[in-house]
Amino acid sequence: MRIDKLLANVGYGSRKEVKKLLKSGHIKLNDEVVKDPKTHVDPDEDTVSVNGEQVVYKEFIYLMMNKPPGVISATEDQHDETVIDLLEIEDSVRNPFPVGRLDKDTEGLLLITNDGQLSHQLLSPKKHVPKTYFAVIDQEVTDEDVKAFANGVVLDDGYETKPGDLKILKSGLRSDIELTIMEGKFHQVKRMFEAVGKNVIYLKRLSMGPLELDETLELGEYRELTEEEIDLLKNNRS
């Protein structure tokens, strides 16, 4: 890997800014000053430092965000703020993207990474990765709804969902529920409740596979995944 690409990837600026930094003589490769941006670096073998501080290079970045409402699950949008807009510059320069989508008004767990292989593994229908949501429903949710979801319901476009595990947490004029599904169809949770004549008025994702939302994260906050969390995701062990 070229040294200018490595430094840009870990947040030392654009390629142009990194080239200026190299020319200044403040960058060393294995304790030797290096100024050529084309210099090859092996991140696993070589030591790179900037102003005496060693550069720690990681190929992939894994972030857990507590997505706030009103923000789009996308890398860019001409009209609305995106989850990438909420990242610090040293994280956004790594070109991460959200794994799957949460609706604009939906809160909760969102994984953001630049690891395409892991993203594919988590989103592939063949992998049957469970996703659990907390929701507030505008009517009483009944045992009949639980049975209907367990059998799969027919959405407005004729698609029959795979079985969903619906749990009633609080029943009444407004009901609190948890729903675990294995799919990620467009607006699926909302459309499943519409199929039984009810509406979702609040929705929050709690987990995706073995990854659970860190409840200490305020809306809009994020953190890097721990090594244990990354290992669990890659091995998809619930």
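Begin at the largest pocket of this predicted model, whose volume is about 630 Å³. Select Arg 101, Gly 184, Lys 185, Phe 186 and His 187: among the 29 lining residues, these lie nearest the centre of the pocket. Next, colour the lining by class; 13 residues of the lining are nonpolar, eight are polar and eight are charged.

To see which elements contribute, display α4 (116–123), β8 (131–137), α6 (188–195) and β11 (200–208), each of which supplies at least two residues of the lining of this largest pocket.

**The loop between α4 and β8**

Val 129 sits in the loop between α4 and β8. Is Val 129 buried or exposed? With a relative accessible area of 1%, Val 129 is buried, because the cut-off for that class is under 20%. A C-alpha to C-alpha distance drawn from Val 129 to Gly 184 reads 9.6 Å, although 55 residues separate the two in sequence.

**The largest nonpolar core**

Now select Ile 112, Ile 177, Leu 179, Val 189 and Phe 193. In the largest nonpolar core, which has 27 residues, these five touch the most other members. At least two residues of this core come from each of β5 (62–67), β7 (107–113), β8, β10, α6 and β11. Domain 2 (62–125 + 211–235) and domain 3 (131–208) each provide at least three of the core residues. In soluble globular proteins, nonpolar side chains tend to be buried together.

Show residues 165–170 for β9 and residues 175–181 for β10; the two strands pair in the antiparallel sense over five bridges. Which residue of β10 is the bridge partner of Lys 167? Selecting Glu 178 shows the partner of Lys 167. The hairpin that joins β9 to β10 runs through four residues.

**Across to domain 1**

Zoom out until each of the domains is in view: domain 1 (3–55), domain 2 (62–125 + 211–235) and domain 3 (131–208). The centres of domain 1 and domain 3, taken over C-alpha atoms, are separated by 51 Å.

Within the model, then select the open sheet of four strands, ordered β2-β1-β3-β4 with antiparallel pairing. At its edges are β2 (32–33) and β4, each pairing on one side only. Strand β1 (residues 27–29) pairs with β2 in the antiparallel sense over two bridges, and Leu 29 has Glu 32 as its bridge partner in β2.

**The second largest pocket**

From edge strand β4, move to the second largest pocket, which has a volume of about 250 Å³. Both β4 (53–54) and α3 (89–92) supply at least two residues of its lining. Select Val 10, Val 56, Glu 90, Arg 94 and Glu 224, which lie nearest the centre of this pocket among its 13 lining residues. By class, six residues of the lining are nonpolar, one is polar and six are charged.

How values were computed
Residues numbered from 1 in each chain as written. Predicted model: local features only at pLDDT ≥ 70, side-chain atom pairs only at ≥ 80, totals over all residues. Heavy atoms only, no water. Pairing = 2+ DSSP bridges. 1 Å grid on protein atoms, 1.4 Å probe; cavity = no way out; pocket = protein on both sides within 12 Å on 5 of 7 lines; lining within 4 Å. Points joined across faces, edges and corners; volume = space filled by probe spheres on them. Nonpolar A, V, L, I, M, F, W, Y, C, P; charged D, E, K, R; others polar. Core = buried A, V, L, I, M, F, W, Y, C linked by side-chain atoms within 4.5 Å. Buried < 20%, exposed > 50% of the residue type's maximum accessible area, 1.4 Å probe, protein only. Domains from an automatic or database assignment.
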